[in-house]
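Hi everyone, thanks for coming. Let's have a look at today's chain together; here it is on the screen.

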Amino acid sequence: MADKFQLRVVTPNRQLLDEEVREVTAPGSLGEIGVLPDHAMLLTSLEIGVMGYRTDRGQSRLAVRGGFAEVTDNVMTVLADDAAFPEDVNAGAVEQELRAAEAQARDLAPADEAYAAADAAVKWARARIEAVRAR
């Protein structure tokens, strides 16, 4: 039985992570998912949120902006629309983004065409702030 597995996180712009980990929690579309070594095959969509992973050095976090996760043969591959390590987040700038996105979403009805984008912007800003605060 394996005690670690490989975690890869890729965005359209770059590979953010390729590391051996002991466990991962991720914001799945149907709720938070947990992955341990020798996990059964899995393919799921991801929501905007914070993904946590544990290595021999400790617990780390990463904000992910939706995407997909696949687990097979002790490799978890996350194809995220975007992702950010807490140390790469400018918390002050993201707080301003959050306030602007919340104001935009507040002015829209859920049926408005622009509402989904505004709501996603709010969730993405909140995820990055949560990742920074959990550091």
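**Around helix 2**

Let me start with the packing: the buried residues of helix 2 are in contact (heavy atoms within 4.5 Å) with strand 5 (42-55), strand 6 (58-72), strand 8 (83-84) and helix 1 (91-106). Keep in mind that this is a predicted model, where local features need pLDDT of at least 70, side-chain atom pairs count only at pLDDT 80 or more, and totals for chains, interfaces and linings use all residues. Residues are numbered from 1 along each chain as its sequence is written, and side-chain values use heavy atoms, with hydrogens and water left out.

Which residues of helix 2 are buried? They are A118, V122, W124, A125, A127, R128, I129, A131 and V132, with buried meaning under 20% relative accessible area for a 1.4 Å probe, protein chains only. Helix 2 itself covers residues 115-133, 19 residues in total, and reaches 27 Å from its first C-alpha to its last.

Now the whole chain. There are two helices and eight strands, which are DSSP runs numbered from the N terminus (H or I, at least four residues, for helices; E, at least two, for strands). From the N terminus on, the order is β-β-β-β-β-β-β-β-α-α. The radius of gyration, 16 Å, is close to the 14 Å that the globule rule gives for 135 residues, so the chain is as compact as a globular protein of that length. Finally, 38% of the 135 residues count as buried.

Conventions
The radius of gyration is taken over C-alpha atoms; the globule rule is 2.2 Å times the number of residues to the power 0.38. Buried means under 20% relative accessible area, exposed over 50%, partly exposed in between (1.4 Å probe, protein chains only). The expected span of a helix is 1.5 Å times one less than its number of residues.
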